[in-house]
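Please keep the sequence and the coordinates at hand while reading.

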Amino acid sequence: MSDVVSFERVGNIGVITIDNPPVNAMSFAVRKGLWEILDEFLADPGIAAGILICAGRTFIAGADITEFDKPPEDPWLPKVLLRIEASPKPVVAALHGTALGGGFETALACHYRCALNSASMGLPEVNLGLLPGAGGTQRLPRLTGIPKALEMILSGKPMTAAEGKASGVIDEIIEGDLRAGAIAAARKLVEQKAPVRRLSELRVNTSDLPADFFQQARAKLAKEARGFFSPLRIVECLEAAAQKPFPEALELETRLFNECKASPHSRAQRYLFFAERTITKIPDIPKDIPLRDIKQVGIIGAGTMGTGIAINFLNAGIPVIQLEMNEEALDRGVARIRKTYQDYVDKGRLKAEVLEQRMALHTKALAYEALAGADLVIEAVFEDMKVKREVFTRLDQVCKPGAILATNTSSLDVDAIAAVTRRPEDVIGLHFFAPANIMVLLEIVRGAKTAKDVVATSMALAKRIKKTAVLVGVCFGFVGNRVYFPYIREADLMLLEGVAPERIDKLAYDWGMAMGPLSVVDLSGIDVFHSALMEWKDRPADPAAFRMLGLLREQGRLGQKTSAGYFKYDGRKPLPDPVVADLARQEAQRLGIARREIGDTEVIERLLYSMVNEGARVLEEGIALRSCDIDVVFTSGYGMPRYRGGPMIYADMIGLGNVLEATRKYRDRYGDRYWTPAPLLEQLVREGRTFEQWSQDKA
Ligand code: 3HC
């Protein structure tokens, strides 16, 4: 008898219940249990129909993702589902919670689907670098038509029960008790002698499908899903649904699913699924630690950053008091917030009355005393230690006991800021990324004395405002900027060595980055980047390091905002500028740097391995808790594609031995200033382990 699947007879209805907490994932044990119970269900002459229902918080939320790294065990899901579908007795799926992936596919293999109004259903496999591999690409279009099914599978977005009902996916919405409702539905089918309806036996309606539908779909994906492995294969499956008989198309689906599963893209995306859950777990902080109540947030500064931060809280319905030193700056800030919302209203993404509700939560203030009642205050003032310390001295005087005092610094020493207060335990860093209302990453910087409940409250608050929060320690640049600087440094150095800026950016872009490194600096501002560098006390005493950046700044080429930086700009389009190439040549000569041919592999290795080596140091020093924390920082805040997984898992996947070997090669070629291998990298290669294993063993 199975521990996770049970069978009960209610009159002539067989009730099959899956109980596999927390999300009823379709593990081997569930598949095996179902298989055995199907024997019983099918053999019992007293049973005329069945229902498939789940205990706990949700219907099956998908295949068990943890099993994808192991060889599949029979009975595999497509086989189980074919057996359910083939049953001569009708089976009713009863959906609540989130019926996702293999869960939704199970429901589609049943003959009838009912759901609570609160249920949702979808095929999110694409987010894991996969495609629905248990008939989803074939059964769904038989109900919804090809365009809707393709849209759903490519976006991975779930539909509500009401949408499901409207598109024929759900036969009945159940009010009240789901089990009773599903049993009643099954009884009705028996009474009416309703024929067993198998989706695989339906024809896919292709009558309205434009002749070039699939060609158009592929062309669209070339841009929107650049570099991802599974989306084009999803199109192939849907094309097969339109053109081939069900068994043949199903076979293709299985083959392409297995190709996706074996791809490094899916391995990386599956890793990120768990990484994004792991980062919420802080080893020394109990899950049930009491949190501080955050009912009102104060924000100091109404510039781009301050207003961007404010929008996050207003969106979440949390009142904000925004402080500025003069009225005009404050009014400009409020106007910026209103305009952001107005743009949403104009695009039909926000209702006008919601705009007013959010603005009503915003209060202006010109004096620190107005922050006396705030539960959390975040400063977003100029990135200068002296200014920050003055702000915190004032906050210490006016804020109520227990208020959390946060700095939005992107690199400065949070402990030095906390030290000017009498309550360093209440001080924390909340590093939002610009534009703060759009970027999902939030680095939460834990100071040496930050209290545990302050950390936990900040993490919980991040979830409320829909940020991906990564806990980091204090050092220059924390995790993100610290690991990113070597990447920019190498790009800048390679200009002096003779590589064209457009080549560097193209190689990084083709590798998968959202933008090349030099375009990123041009976008955020050469001056902004330069002043951040100036705050770095231990920056390398190397006249060549970031030298092009410094020169461009001296020449007033501040990036996109001055239409010239590493590139010149036609609007927002970067164009190669011979002036920059000349400048690099002259400066290389002055510094005695040899110009030479650098191959594509070296460009990519220097950009990426410099990050990996710094990442290893960040781990050694405990600035990041685990390698997956670094990876989430880079995939959620620095434009690294999810199918690469992040710099550390990328290194793990190509082999740390290879990374070490290349690092040593560059040390021999360029000296040991930047290319001394991090001791952790050396150690892991010696031990034959990965960053991921090291992080897991440490936990
Ligand atoms: N397999 C294994 N573990 C899973 C899982 C799955 N499919 N889905 C969730 N979990 C685990 C999580 O890792 C987490 O574990 P933890 O507590 O140890 O960290 C726990 O279940 C709870 O998950 P969440 O913290 O995410 O809980 P939420 O309530 O926030 O969200 C959810 C629930 C919406 C179901 C969300 O977990 C989710 O989106 N899960 C993945 C759904 C998915 O992608 N399904 C498709 C799988 S691939 C597939 O089915 C292939 C098929 O086509 C053959």
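Helices (H or I, at least four residues) and strands (E, at least two) are taken as DSSP runs and numbered from the N terminus. The model is a predicted one, in which local features need pLDDT of at least 70 and side-chain atom pairs count only at pLDDT 80 or more, while totals for chains, interfaces and linings use all residues. Residues are numbered from 1 along each chain as its sequence is written, and side-chain values use heavy atoms, with hydrogens and water left out.

The ligand site comes first. The ligand is surrounded by 25 residues, of which Arg57, Glu105, Glu125, Arg277 and Lys281 are the closest. Helix H11 (264-278) gives the most to this shell, with three residues. Strand E5 (98-100) and helix H3 (102-109) each supply at least two. By class, the shell holds 14 nonpolar, five polar and six charged residues, where Ala, Val, Leu, Ile, Met, Phe, Trp, Tyr, Cys and Pro count as nonpolar, Asp, Glu, Lys and Arg as charged, and the others, Gly among them, as polar.

A charge sits over a ring if NZ of Lys or CZ of Arg is within 6 Å of the ring centre and within 35 degrees of the ring normal. Arginine 83 is placed likewise over the face of tryptophan 35, at 4.3 Å from the ring centre.

Rings also meet one another. Rings of Phe, Tyr and Trp (its six-membered ring) pair if their centres lie within 6.5 Å; planes under 30 degrees apart count as stacked, over 60 as edge-to-face and the rest as tilted. By this rule there are 18 aromatic pairs. Phenylalanine 228 and tyrosine 643 form an edge-to-face pair, because their ring centres are 5.0 Å apart and their planes stand at 75°. Phenylalanine 228 lies in the loop between helix H8 (213-224) and helix H9 (230-243), and tyrosine 643 in the loop between helix H25 (627-637) and helix H26 (647-654), so the pair ties together parts 415 residues apart in sequence. Phenylalanine 228 is partly exposed, with a relative accessible area of 29%, whereas tyrosine 643 is buried at 8%; buried means under 20%, exposed over 50%, and partly exposed in between (1.4 Å probe, protein chains only).

Tyrosine 484 and tyrosine 638 form a tilted pair, 4.9 Å centre to centre with 50° between the planes. Both residues are buried.

The peptide bond from proline 21 to proline 22 is cis, with omega near 5°, and proline 22 lies in the loop between strand E2 (13-18) and helix H1 (28-43). Asparagine 24, in the loop between E2 and H1, has a positive phi near 55° and is buried, with a relative accessible area of 1%.

Note on methods
A residue is near a molecule or strand if one of its heavy atoms lies within 4 Å of it.
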